[in-house]
Amino acid sequence: MNLETPVQALTAGPTLAKTEGCPAAGAKGKIWIDLDNSPHVPFFAPIIEELQKRNYSIVVTARDCFQVRELADLFHLNYKLIGHHSGKSKIRKVAGLCFRALQLIPTILREKPHLAVSHCSRAQLIASILCRIPSFFLGDYEFATGWVFIYPTWHMRPEVIPDGDLPWNPSRNLKYPGIKEDVYVPRFVPNQSIRPQLGLREEDVVVTMRPPASESHYHNPQSEELFEAAVEYLSKKPELKLVALPRNEKQAMYLRERWPELFSNGKMRIPEKVVDGLNLIWHSDLVISGGGTMNREAASLGVPVYSIFRGKIGAVDQYLSKAGRLVLLQSLEDLHTKILPVRRERPARLQNRQSAALSRIVEHIVASTESQQALSNGMEVAAERSSMGR
């Protein structure tokens, strides 16, 4: 991996058992998980671990975009890399989506999973429908672009998203407590090495900044205006150090060209290789991000976080904002009146918490797999009896 290529910083989990290939002897069933975007890697790592503990065989496919590959390697996942990012235009997105769905089919026909599971992987949803595999679709943003007449078998989302905001059959709508980040954040253990690794001193007030997802379908240019204004505003405060986490090399090049003096004088920096993202957030004094996952990770860790996302605000972020765990920045004036760029007192360790979200999600995946297996077995028995009666 090119160490100069910026990568999304997320937390590495424990080494997992092999997750691709033939099912182990006595496995209860086979579950296909598709990693379509970077946040899906830490999200699914504990889910895969729990399913393997229950003796389910796991097949993992991954899209080669937004550092999914690097993060899957960091988490020691065995996966089959299929497809890549297709570009920013809507036509290229749709064409790339359909093409990746077709690319997934040969692997899935060979593996024959009982259930397809993803967090908003539309390519997996299309492939599973074409291959007649039941799908378990997780999501936490109700305004994500959907597909007319293409619905998953089961849909699961956080409890804070109202029922009326989703078009699926109510009987197939499932819920879990908390937010998506509660699935993996409780496993986080702080490591003191992160600041020295980035050339930061303990007395520095550190601001971790994430540019908006400029290639997403829900992107609003106002997010970029807020991000640039935030950099200008915070860079003038001598006690602050800025750590930027660009989404790709194009964003990294833009940041370096836009603010060369901030990089040359050490005011701003970009990690040169994959870093533990939760650890970076934990050792930051505040976070400013145009992306939902990093905002919610900070909120889950109790770190002050400010969102510059200017698309439609989803129910999860509304919930965090009302609870005082996330500050929504809506104007340039908000940068000066709402951001508190001060040192925060960090506890020695994160309070131990049980993940009710993880337990609920795994339970529903298992129940969905078992119900599908029972249905398949019943159909096989009926077919056998019909053939014997001829």
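On a 1 Å grid over the protein atoms alone, a cavity is defined as a set of points where a 1.4 Å probe fits but cannot get out, and its lining residues have an atom within 4 Å of a point. Grid points are joined across faces, edges and corners, and a volume is the space filled by probe spheres set on the points. The structure examined here is a predicted model, in which local features need pLDDT of at least 70 and side-chain atom pairs count only at pLDDT 80 or more, whereas totals for chains, interfaces and linings use all residues. Residues are numbered from 1 along each chain as its sequence is written, and side-chain values use heavy atoms, with hydrogens and water left out.

A search of the whole structure identified two cavities of 30 Å³ or more. The volume of the second largest cavity is about 30 Å³. Its lining consists of Ser307, Phe309, Arg310, Ile313, Leu328, Leu329 and Gln330. Four residues of this lining are nonpolar, two are polar and one is charged (Ala, Val, Leu, Ile, Met, Phe, Trp, Tyr, Cys and Pro count as nonpolar, Asp, Glu, Lys and Arg as charged, and the others, Gly among them, as polar).

Side chains of opposite charge can pair when their charged atoms come close. With a salt bridge taken as a side-chain nitrogen of Lys or Arg within 4 Å of a carboxyl oxygen of Asp or Glu, the structure holds 24 salt bridges. One of them joins Arg187 to Glu49, at an N to O distance of 2.8 Å. Arg187 is located in the loop between β7 (173-176) and α5 (194-197) and Glu49 in helix α1 (residues 40-53), so this pair ties together parts that are 138 residues apart in sequence. Helices (H or I, at least four residues) and strands (E, at least two) are DSSP runs, numbered from the N terminus. Buried denotes under 20% relative accessible area, exposed over 50%, and partly exposed the range in between (1.4 Å probe, protein chains only). Arg187, at 32% relative accessibility, is partly exposed, whereas Glu49, at 19%, is buried.

A further salt bridge links Lys175 and Asp163 (3.0 Å, N to O). Because Lys175 belongs to strand β7 and Asp163 to the loop between β6 (154-158) and β7, the pair connects parts twelve residues apart in sequence. Lys175 is partly exposed at 31%, and Asp163 is partly exposed at 47%.

Asp317 and Arg296 also form a salt bridge, their closest N and O atoms being 3.4 Å apart. Asp317 lies in helix α11 (residues 315-322) and Arg296 in helix α10 (residues 292-301), so parts 21 residues apart in sequence are tied together. Both Asp317 and Arg296 are buried. These two residues belong to a network of salt bridges that links Asp140, Lys180, Glu181, Arg296 and Asp317.

Definitions and conventions: On a 1 Å grid over the protein atoms alone, a cavity is a set of points where a 1.4 Å probe fits but cannot get out, and a pocket is an open set with protein on both sides within 12 Å along at least five of seven lines; lining residues have an atom within 4 Å of a point.
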